[in-house]
Amino acid sequence: MSGVPEPYRYNYVHVSGAQTSYALGVHGQIGDYLHRLIVTLTANNTANISIIDGTMEHLLVPSGVSKGVYVIDMNMISQESGWKITTSSAAEVLAVGVFTN
């Protein structure tokens, strides 16, 4: 368990490649919980995956990473707005968490 005051009922959102500021949840808002990202890279050296919380953007997977599947534990609650993800064309993400729908 994550310690989040919610029942253990995580949602997931699939984010395909070449997305910019793709919202996690229909009405993402402050307090949404991002538990984990499962990242699939289909080509070498082309990653660039970032998450956005309002005006704060965090680069998670820089270019130069080898193709493969990566699991990134986040365990973060949004502070400014709902979570958004930006992906490169050779990357897709399965985001797991509690998102406002």
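In which strand is His35 found? I looked it up, and His35 sits in strand S3, which covers residues 33-41.

**Ground rules.** I am working with a predicted model, where local features need pLDDT of at least 70, side-chain atom pairs count only at pLDDT 80 or more, and totals for chains, interfaces and linings use all residues. Residues are numbered from 1 along each chain as its sequence is written, and side-chain values use heavy atoms, with hydrogens and water left out.

**His35.** Next I asked: is His35 buried or exposed? His35 counts as buried because its relative accessibility is 11%; buried means under 20% relative accessible area, exposed over 50%, and partly exposed in between, with a 1.4 Å probe and protein chains only. I also found a polar contact of 3.1 Å between the side chains of His35 and Tyr33. (A polar contact is a pair of N or O atoms within 3.5 Å; within protein, one must be able to donate a hydrogen and the other to accept it, and residues adjacent in sequence count only if both atoms are side-chain atoms.)

**The whole chain.** I then counted 8 strands and 0 helices. (Both are DSSP runs, numbered from the N terminus: helices are H or I with at least four residues, strands E with at least two.) Of the 101 residues, 37% count as buried. I noted that the C-alpha atoms fill a box of roughly 40 × 25 × 20 Å along the principal axes.

**Contacts.** Last, I checked pairs at least 6 apart in sequence: 78% of their contacts join residues at least 24 apart. Contact here means heavy atoms within 4.5 Å.
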